[in-house]
Amino acid sequence: MELLGNLGSELWAVLGTIARAIPYLVGYVLLVLATLLIWTATKRLLRPRHDYTSLKTVTFGDESAVSSSGVASVVSVVLIFVLWAAFTGSQLLPRMLHAPGPFTGTGSFTYTITTPSGETDDAIVQVLVHPVGATATAPQVDLGDGIAKNDSTTIAAYRTQLLRVDENDEMGRAEDTFITAVNGQPIAAGIAVDVDFGRVAMSERGTLNIIPATGLQMEPIWLPAPETVWARMGEIATTGYRNSTLAEHLGYSLFRVIVGFALGALVGIPLGYAMGLSNWFRGWFDPIVEFMRPVPPLALIPLVIIWAGIGETGKIILLFLAALWIMAIAARSGVSGVRISKVHAAYSLGASKWQIMRHVIVPNSLPEIFTGARVAMGVCWGTVVAAELVAAEKGVGMMIMVASQFQSTDIVLMGIILIGVIGFGIDMLIRWAERLLVPWKGKG
């Protein structure tokens, strides 16, 4: 029952987080639709279409009529960076485009105490909310003449603070005198009262919890601004990180990924061809491949460490296993997807088995292999972060993990962006090679 209760509370917290994120997701979707409508209307006004696609009577569902819009790609990337800058208070955007930030400045609220005899008295608490990382001194206040004494405190933005305001009162908890109202509104344990700078809640022990408004901007420790990440990238590129430059970190990770992927493709493609062409090989290896395919590479880390140690060999073996099964399945699917009519046509023209393999099976299976290569490369980039967790002195994954332990979010984001950019570049390179080597793809 306790486990179910904990799961229920955690599920409720997750649902609450999702509910808070829904307005942002809806806003993003509306922005995407708005840009689509604006671009479509502008394109129709400025450049009426008279190409082959515009003459088609049926375009919906026709793959040949759909191609990636360069304008949409540019707008998408720019919009992401604009939203990132807006919700971090970036100096790259004018203030009018910033999301509401956290409250900073001076605020106050009045609390009321009630004595056992029913007598009440009010006092004022001055609150100075200062930016994170700055130092501030609590405002000087006159204590007053009543039982309740005025007080003051300082709080960093995005933070909360429990304040025992009754510590300097003439009567407090020891005399059964408790706080009963804030700004004239009744308050009790678990109840919060809105004030001009945020909220004031009461804990279970009767202590006031001062909660300044956080706004919609993210705290830098959770999401730094784009210029902060860029500045850190320039710093690491010149001075390095953990005794290695950024180029060395990227070079080691790229080397591990390429070698692991190449070995996986070198073994996986022939294995996939054998499984697609031979009943015996299909029966022998299919259970192994289908068993290993859903096993995440991260689950193999302990075994790889035991078998191959913590050096480069173990990391490359892990990446090899990440690519092996994907490439084997891609090659097997490519062979199985060859139209039998083409094979029969080649036989009828007197082709040998080797000629059918060379001129029919291999060319028709290459599109599937290239697709598998793109997937395998993405998985390898995702796995290298985990592979570099183990005794790695250089690598982007090591840099991300070490930075996360010290809450250096700017380095974490920098590493994620670099991995994404390099992975995208490799994917574009594979697509270019596919267009160059497989020009017949999609042409029957």
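User: What makes Lys149 and Glu170 a salt bridge in this predicted model?

Analyst: The closest N and O atoms of Lys149 and Glu170 are 3.3 Å apart. The cut-off is 4 Å between a side-chain nitrogen of Lys or Arg and a carboxyl oxygen of Asp or Glu. The pair therefore counts as a salt bridge.

User: Which parts of the chain does this pair tie together?

Analyst: Lys149 sits in the loop between β2 (120-130) and β3 (151-156). Glu170 sits in the loop between β4 (161-163) and β5 (178-182). The pair thus ties together parts that are 21 residues apart in sequence.

User: Why is Lys149 called buried?

Analyst: Its relative accessible area is 11%. Buried means under 20%, so Lys149 qualifies.

User: Is Glu170 buried or exposed, and how do you know?

Analyst: Glu170 has a relative accessible area of 51%. Exposed means over 50%, so Glu170 is exposed.

User: What makes Arg159 and Glu219 a salt bridge?

Analyst: Their side chains meet at 2.4 Å, N to O. That value is within 4 Å, so the label holds.

User: Where do Arg159 and Glu219 lie?

Analyst: Arg159 is in the loop between β3 and β4. Glu219 is in the loop between β9 (208-212) and α3 (226-239). They are 60 residues apart, and the pair links distant parts of the chain.

User: Why does Arg159 count as partly exposed?

Analyst: Its relative accessibility is 34%. Buried is under 20% and exposed is over 50%. Arg159 falls in between, so it is partly exposed. Glu219, at 7%, is under 20% and therefore buried.

User: Which residues join Arg293 and Glu290 in one network?

Analyst: Arg293 forms a salt bridge with Glu290, with the closest N and O atoms 3.2 Å apart. Salt bridges that share partners join Arg282, Asp286, Glu290, Arg293 and Arg332 into one network. The whole structure holds 11 salt bridges.

User: What makes up the contact of α4 with α5?

Analyst: Leu271, Ala274, Met275 and Leu277 in α4 meet residues of α5, including Phe281, Phe285 and Val289. The contact residues divide into 7 nonpolar, 1 polar and 2 charged. The crossing is left-handed.

Note on methods. Residues are numbered from 1 along each chain as its sequence is written. This is a predicted model: local features need pLDDT of at least 70, side-chain atom pairs count only at pLDDT 80 or more; totals for chains, interfaces and linings use all residues. Side-chain values use heavy atoms; hydrogens and water are left out. A crossing is left-handed if the near helix is turned anticlockwise from the far one by less than a right angle, and right-handed if clockwise. Helices (H or I, at least four residues) and strands (E, at least two) are DSSP runs, numbered from the N terminus. Contact means heavy atoms within 4.5 Å. Ala, Val, Leu, Ile, Met, Phe, Trp, Tyr, Cys and Pro count as nonpolar, Asp, Glu, Lys and Arg as charged, and the others, Gly among them, as polar. Buried means under 20% relative accessible area, exposed over 50%, partly exposed in between (1.4 Å probe, protein chains only).
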